Amino acid sequence: MSEKVIGYTAGVFDLFHIGHINLLRNAKAMCDYLIVAVSTDEHVKNYKNKNPIIPYDHRIEVVKSCKYVDVVVPQENGDRMEAWRKMKFDIMIVGDDWYGSEKWQEYERQLKEVGVKIVFFPYTKNVSSTRINEILEEKRQELAKKEKELNELKEKINGEVLKNDNSWQ
């Protein structure tokens, strides 16, 4: 009887989108049991210098509900060796946007020493929580501009109505 392969991946999973689904689906295809670490709000603030849009307790429930995920754990820091010591996974699945970075070369070296294989999956092009948030901000700015134009037009119309309304005098 063969041992089950335990996989591990981690992320913020903010504004959950198709890129997250692709990562989780591909990760599950590589292992028998998938552990997903969801970054806590505090961890996101510390390493990305911004707050997630969706609070941690909501993000963790969204990830838990995904059929590809076997267990969800909090990610309180970026120490991959600490994660391995706690969970003893065999494979770590990562988006290829990290491939070749100095940080990940060091993680690869450390994890290889304990027999962990790192698999880099292609990042889903043109989709990220950051990009979704940028698009939403652009739409908010467009809406604010249109609201301003509408208010200016209303003021102009009201001024014309008042000017014309004085004709009875």
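A residue is called exposed here when its relative accessible area is over 50%, and buried when that value is under 20%. With those terms in hand, this briefing describes a predicted model of a chain whose secondary structure comes to six helices and five strands. Read along the sequence, these elements follow the pattern β-α-β-α-α-β-α-β-α-β-α. Of the 169 residues of the chain, 34% count as buried, and residues 24 or more positions apart account for 75% of the contacts with a separation of 6 or more.

**The sheet**

- The five strands form an open sheet in the order β3-β2-β1-β4-β5, and their pairing is parallel.
- Strands β3 (71–75) and β5 stand at the edges with a single partner strand each, so one side of each is left without a neighbour in the sheet.
- From one strand to the next, the twist averages 25°.
- Strand β1, which covers residues 6–11, runs parallel to β4 and is joined to β4 by two bridges; Gly7 has Ile91 of β4 as its bridge partner.

**Helix α5**

- Helix α5 is made up of twelve residues, 102–113, which at 1.5 Å a residue should span 16 Å, and the 17 Å between its end C-alpha atoms agrees with that expectation.
- The buried residues of α5 are Trp104, Tyr107 and Leu111, and because they cover an arc of only 55° around the axis, they lie on the same side of the helix.
- Glu102, Lys112 and Glu113, by contrast, are exposed on the other side of α5.
- The buried residues of α5 pack against three elements, namely α4 (80–87), β4 (91–95) and β5 (117–121).
- After α5 comes Gly115, a residue whose phi is positive, near 85°.

**Cysteines and disulfides**

- A disulfide is a covalent bond between the sulfur atoms of two cysteines, and a search of the whole structure finds zero disulfides.
- Cys31 has a relative accessible area of 9% and is therefore buried, given that the cut-off is under 20%.
- Cys66 likewise counts as buried, because its relative accessibility is 9%.

Note on methods: Residues numbered from 1 in each chain as written. Predicted model: local features only at pLDDT ≥ 70, side-chain atom pairs only at ≥ 80, totals over all residues. Heavy atoms only, no water. Helix = DSSP H or I, 4+ residues; strand = E, 2+ residues; numbered from the N terminus. Expected span 1.5 Å × (residues − 1). Buried < 20%, exposed > 50% of the residue type's maximum accessible area, 1.4 Å probe, protein only. Arc of directions from axis to C-beta. Contact = heavy atoms within 4.5 Å. Pairing = 2+ DSSP bridges. Axes fitted to C-alpha atoms, helices over the stretch in contact; angles between N-to-C directions. Disulfide = S-S within 2.5 Å.
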